[in-house]
Amino acid sequence: MERPTFGEDGTPDVENLYARRSGNGPHLMFAGHTDVVPVGDAAAWTYPPFSAAVHNGKMYGRGAVDMKGGIACFVAAVGRHLEKHAGLNGSISFVITGDEEGPSINGTGKLLEWAKAKGESWDAAIVGEPTNSEKMGDMMKIGRRGGLSGTIVVHGVQGHVAYPHLADNPVRGLVTLVESLLYPAFDSGTKDFQATNLEITTIDVGNPAVNVIPAKATATFNVRFNDTWTDETLMAEIHNRLDKAAGRHKLRPGKMAPVNYELTWRNRVSHVFLTHDEKLIGTLTSAVEATTGKRPQLSTSGGTSDARFIKDYCPVVEFGLVGKTMHMVDERVAIADLETLTQIYERFIADFFA
């Protein structure tokens with residue numbers, strides 16, 4: 001077991017964990033994160049958010065679902081397997097980070113690079129994110145949409161609202177550009193993925209005066225995209241839409257010059273991926289069905305996870321607890337679900353190495 005710490009300018013240092021139980025056979029990775037989102041208003045919690053209080057068959061606490069509970073279940077599953085068997089017919093690694101809910105810079109991505117440089121390689125991986133919507137056995141994630149973020153800044157000419165011909169209102173230009181990103185739709189979805197969707201997340205002017213046309217307006221957006229696109233083709237499509245919209249004058253009467261804008265891409269791109277590994281998906285599906293009596297839906301819905309890093313090293317799927325309360329006040333998990341997930345993981349381990 002090793003606990004490497006990674007850092008980068010402008011980001012907090014993060015301690016990570018890599019542990020391996022070695023044997024002869026395939027190498028299975030279990031990945032998860034111990035960091036959590038802020039608790040919000042701690043006074044609004046029924047029990048202190050880090051007390052792990054148990055009441056009426058449920059454990060309360062930030063991270064109980066997302067995703068300390070999943071990590072605990074896999075550790076317990078490995079322990080139970082080793083108690084019942086002389087050893088492993090292969091190897092199991094734990095890839096645990098403290099940087100998934102945060103910048104995601106000094107966590108799983110760097111930990112996998114570090115491990116690979118030391119000679120590590122893997123045949124399959126499970127991420128213990130909470131994937132089930134209502135009950136255990138509902139859903140397994142076999143892929144994720146990509147994610148892309150950007151900021152648009154429109155430069156205008158400040159002036160008096162009573163003399164608009166002497167100014168150039170950047171808000172008018174920004175609205176024109178934003179509309180081009182929201183309509184028409186980028187696509188209608190594919191066999192494996194939801195439709196690509198772009199959301200405007202902020203529009204900022206910073207103008208305290210009601211009688212002044214501002215000099216600048218800014219909007220940020222995030223788009224979750226399917227396998228119709230790559231990050232390069234999607235960026236090109238967004239640039240093309242903005243360039244065309246910049247020349248429209250419907251909201252800018254009397255202004256002949258196109259909208260003066262800048263587009264900046266933010267953060268790193270999350271690439272779309274879909275796992276096709278039949279052994280991994282089939283073995284986990286069978287373990288879920290044998291334990292819960294339900295055959296999980298194979299889905300690519302939702303946001304993103306550290307699977308986006310792992311898919312570059314080996315096939316990866318996600319399966320964990322019921323996620324209804326993740327990130328909420330009174331995040332909680334049923335004790336029975338913890339036992340069910342442990343049994344699923346234990347059966348998967350036995351079948352995967354059989």
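Predicted model: local features only at pLDDT ≥ 70, side-chain atom pairs only at ≥ 80, totals over all residues.

I started with the record: UniProt, in an unreviewed entry, puts the feature "binding site" at His-33, Asp-66 and Glu-129. They are spread over 97 residues of sequence, yet they cluster in space, with a largest C-alpha distance of 8.7 Å.

Residues are numbered from 1 along each chain as its sequence is written, and side-chain values use heavy atoms, with hydrogens and water left out.

**His-33.** I found His-33 in strand β4, residues 27-33 (strands are DSSP runs of E, at least two residues, and helices are runs of H or I, at least four, numbered from the N terminus). His-33 counts as buried because its relative accessibility is 1% (buried is under 20% relative accessible area, exposed over 50%, partly exposed in between, with a 1.4 Å probe and protein chains only). Leaving aside neighbours within four places in sequence, I see His-33 in contact with residues including Asp-66, Thr-97 and Glu-129 (contact means heavy atoms within 4.5 Å).

**Asp-66.** Asp-66 sits in the loop between β6 (58-60) and α1 (68-84). Is Asp-66 buried or exposed? Buried, at a relative accessible area of 6%.

**Polar contacts.** I checked the side chains: His-33 and Asp-66 are joined by a polar contact of 3.2 Å, and Asp-66 makes one with the side chain of His-327 at 3.0 Å. A polar contact is a pair of N or O atoms within 3.5 Å; within protein, one must be able to donate a hydrogen and the other to accept it, and residues adjacent in sequence count only if both atoms are side-chain atoms.

Key. UniProt positions renumbered as here; feature names shortened; annotations may be inferred.
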